[in-house]
Amino acid sequence: MQRKVPVPKPMTILGLESSCDDTAAAIVRVGNAGAQVLSSIVVGQNDLHAKFGGVVPEIAARAHAEKLDLCVEQALSKADLSLTDVDAIAVTAGPGLIGGVVSGVMCAKGLALASGKPLYGINHLAGHALTPRLTDNVPYPYLMLLVSGGHCQFLMVHGPDQFKRLGGTIDDAPGEAFDKIARLIGLPQPGGPAIETVSDKGVSSRFAFPRPLLDRTGCDMSFSGLKTAVLRKRDALVEQNGGLLRQDQADIAAGFQAAVVDVLTEKTRRAFDHYPPGCQRTLCVAGGVAANQSIRAALETVSSTFDAAFVAPPLALCTDNAAMIAYAAAEQCHLRAPDDMTLSARPRWPLDLSQPSMLGSGRKGAKA
């Protein structure tokens, strides 16, 4: 007689995210049938930081402190639940801008203490890395390219808490580089969408921008030298023409974007060499830069050459959000005990604990 395996009760988790410049709360329900995002509230801060040309940590932290409780209220209301209906509370405990992370951790502690619900501090990068499980139920192991404003890493994801870092950026993350280049050539923030739009009118082959670290083995990346090359070309054009012409702007944007695409695709090819033999292959990509259609198309082409599936979650779940934090807690809660009130915010927190943190700290947050 076959023994019946008990079906675990679905878990309903409240997630909080405040690691950079998006204040977010979400309710996610996870059971045998999969995961369901009951609500996801994200309040951005673009207007607060626009005149400064980048995220100001002190302003971001203050905005998080003002908005977190309101986001929680909205998330519960949209899910038609109260705090008593929640089984656990999850919060980003790092890495990120420390003031924002502290705001989220303190809010989550207060909610957990008041409700008696278990508390889980979650690595922000684990939230991104596990998002393909939330959206597409991708089986382990899978190759993840996390490419965002503050981070860029290749990860082999073997389980909810098992991540092997294959390589990452040693300086600027791609999203950070997009923002800086947009400012250099007079485009609005955020830089990623602005450069992508202008690039459609540009000639990418006009300027021979470098493809850093392609002459070295491995999966590490660098975008700082590319940024410097763009700066020098812009200065030369301004001196030559008395300003930057609109076509110059478009050609620089197109050339820069093409260089980023080339670096990411070549390093992705190398990352596939680390895939365990005999496994179904899947390349997953998450982070705000994954919204760039040229990058996404190039990565999908690389996947096809390796006979691998390609998964890119919807943009709302690629960029910073709290649903990914709640889902990560649902996967990890069966592997460890909840955190207590000593949970602290961490500006750096590598997923692969066998390796040191990636060097450098950008305006979008500390590298990990």
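**Note on two strand regions of the predicted model**

1. Strand S1 pairs with strand S2 (residues 22-31) in the antiparallel sense, over 7 bridges. Two strands count as paired if DSSP finds at least two bridges between them; strands (E, at least two residues) and helices (H or I, at least four) are DSSP runs numbered from the N terminus. A hairpin of 4 residues joins S1 to S2, and Gly15 stands opposite Ala26 in S2.

2. This is a predicted model, in which local features need pLDDT of at least 70, side-chain atom pairs count only at pLDDT 80 or more, and totals for chains, interfaces and linings use all residues. Residues are numbered from 1 along each chain as its sequence is written, and side-chain values use heavy atoms, with hydrogens and water left out.

3. S1 also runs parallel to strand S4 (residues 88-94), joined to S4 by 4 bridges. Here Gly15 stands opposite Ala90.

4. S1 (residues 11-17) is largely enclosed by the rest of the structure, because 7 of its 7 residues are buried (under 20% relative accessible area, 1.4 Å probe, protein chains only). Met11, Ile13, Gly15 and Glu17 lie on one side, with Thr12, Leu14 and Leu16 on the other.

5. An open sheet of 5 strands, with mixed pairing, has the order S8-S7-S6-S9-S10. Its edge strands, S8 (162-168) and S10 (309-311), each pair on one side only.

6. Within this sheet, S6 (residues 142-147) and S7 (residues 152-159) pair in the antiparallel sense over 6 bridges. The bridge partner of Val147 in S7 is Cys152.

Conventions: Buried means under 20% relative accessible area, exposed over 50%, partly exposed in between (1.4 Å probe, protein chains only).
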